[in-house]
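Thanks for making the time this morning.

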Amino acid sequence: MGTITLAEGISWVGIVDWNLRDFHGYVTRRGTTYNAYLIQDEKTALIDTVKHTFSNELLHNICAITDPAKIDYIIINHVEMDHSSALPTIAQYAKNATIIASERGKEAITEHYGNEFRIKTVKTGDELKLGKRTLRFVEAPMLHWPDSMFTYIVEDKILMPNDAFGQHLASAQRFDDEVDAHVLMEEAATYYANILMPLAPLITRKIQEVVQMGIAPAVIAPSHGVIWRANPSKIIQAYLNWSSGVAKQKVVIVYDTMWGSTDKMARAIAEGVASEAVEVKVLKMRASDLTEAITEILDAKAVIVGSPTLNNQMFPTISAFLTYATGLKPKGKLWAFFGSYGWGGGAVKSMTETARKSGFQVEEAGIEVKYVPDAEDLQKCFGFGKQIAAKIKA
Ligand code: FEO
């Protein structure tokens, strides 16, 4: 893709991974990018690297600007392999470079790649003078790993927060004002929901801490997707909303079905929700994926989950969904359950127990139907959907 200039002496030297469709289980239907940045001043600094499969391309991009041997510092904001696994290759060429990382970053680099590197650790508030420019570091543990930190270029007001504010979005364009605004926010929301959602309290606190440090970025240059230069406050506000659980009058119905009974119930429940003029999304888990389901839930006030009973348990796709959802801990949702069974039952009970154990707010009674729902059962399902919709409106 070549290099792109952010400001005089600051270049994007990253990689566009057009064909990535699975990022450790996250369905990346629009690919991704691994962003790395090169700063040339009296000293030269590389901010992050890329996934190892693109090591040579990163090297090529650096060489188009400078001799890698001139790199004085390699800042590793985060050691997850999509950002650091090109380090061993780059370090062979950047023989004079000192690696800059948090204390936990140093540990993680050593545990991933051995102890052959010269590493200087930094903590929040530490600064590194490159010449006219100053790098200021902010530790951001758990955004996304314990090692994570942000790098701020003080004079240019450019924040490089690594995973935070990213999007899995491959494009030939590098800036927010060059891509479709709807697609951008959709991918930013998908990224937040699937990567950062369980860290919501930390996000709110970190944004407040950054503001208190006097950091007011004019540009936010994350490690995935496009760079926020037109309106960085838009993504900051979106993160504040998502992390505080702001949601709309919307219900998501997630279900699966064996012989169609739970499917009929899901449709009747959806009609009940819609009868209250509340938005409803219906996702059958063998037709949808976990990435899509959790993204739909991000801005919903209620989630209604349905499963047939299989071997006295919930259906495996629903078990996978609940495992994923309870790990990501969507905030402030009302959860309700429904399902069908042939003889013993068990799906609604096991779904309800799973949600309660995870601390979710659960609607008192679920709804269960034996074999095939008749007209009366479907009327009850309609009423169930209507009741949940009325509750979130209230
Ligand atoms: Fe993009 Fe946590 O790595």
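This is a predicted model: local features need pLDDT of at least 70, side-chain atom pairs count only at pLDDT 80 or more; totals for chains, interfaces and linings use all residues.

The side chain of S102 reaches the backbone oxygen of D147 at 2.8 Å, which falls under what I will call a polar contact, that is, a pair of N or O atoms within 3.5 Å, where within protein one must be able to donate a hydrogen and the other to accept it, and where residues adjacent in sequence count only if both atoms are side-chain atoms. Residues are numbered from 1 along each chain as its sequence is written, and side-chain values use heavy atoms, with hydrogens and water left out.

S102 sits in the loop between β10 (98-101) and α4 (103-113); the helices (H or I, at least four residues) and strands (E, at least two) are DSSP runs, numbered from the N terminus. Is S102 buried or exposed? Its relative accessibility is 4%, so S102 counts as buried, where buried means under 20% relative accessible area, exposed over 50%, and partly exposed in between, with a 1.4 Å probe and protein chains only. Leaving aside residues up to four places away in sequence, S102 touches T121, V122, D147 and M149, a contact being heavy atoms within 4.5 Å.

In strand β10 itself we find T98, which at 16% relative accessibility also counts as buried. The side chain of T98 makes a polar contact with the side chain of R118, at 3.3 Å, and R118 is one of the residues that T98 touches, together with D72, Y73, I74 and K120, again not counting residues up to four places away in sequence. D72 and T98 are 26 residues apart along the chain, yet their C-alpha atoms are separated by 6.1 Å.

Let me turn to helix α5. With its 16 residues, 181-196, α5 should span 22 Å at 1.5 Å a residue, and its end C-alpha atoms are 21 Å apart, which agrees; the expected span is 1.5 Å times one less than the number of residues. At the N-terminal end, D180 caps α5, with a side-chain oxygen 2.9 Å from the backbone nitrogen of H182.

How many of the residues of α5 are buried? The count is 12 of 16, so the helix is mostly covered, and what covers those residues includes β4 (22-23), β5 (26-27), α6 (200-212), α7 (232-243), α9 (290-298) and α10 (316-328).

Of these, I would like to look at α9, where A189, T190, Y192, A193 and N194 in α5 meet L290, T291, I294, T295 and L298. The residues of that contact divide into 6 nonpolar, 4 polar and no charged. The axes of α5 and α9 come within 9 Å and cross at roughly 100 degrees, and the two helices are therefore roughly perpendicular to each other, a label used for angles of 65 to 115 degrees.

Note on methods. Axes are lines fitted to C-alpha atoms, for helices over the stretch in contact, and angles run from 0 to 180 degrees between N-to-C directions. Angles under 35 degrees count as roughly parallel, over 145 as roughly antiparallel, 65 to 115 as roughly perpendicular and the rest as oblique. Ala, Val, Leu, Ile, Met, Phe, Trp, Tyr, Cys and Pro count as nonpolar, Asp, Glu, Lys and Arg as charged, and the others, Gly among them, as polar.
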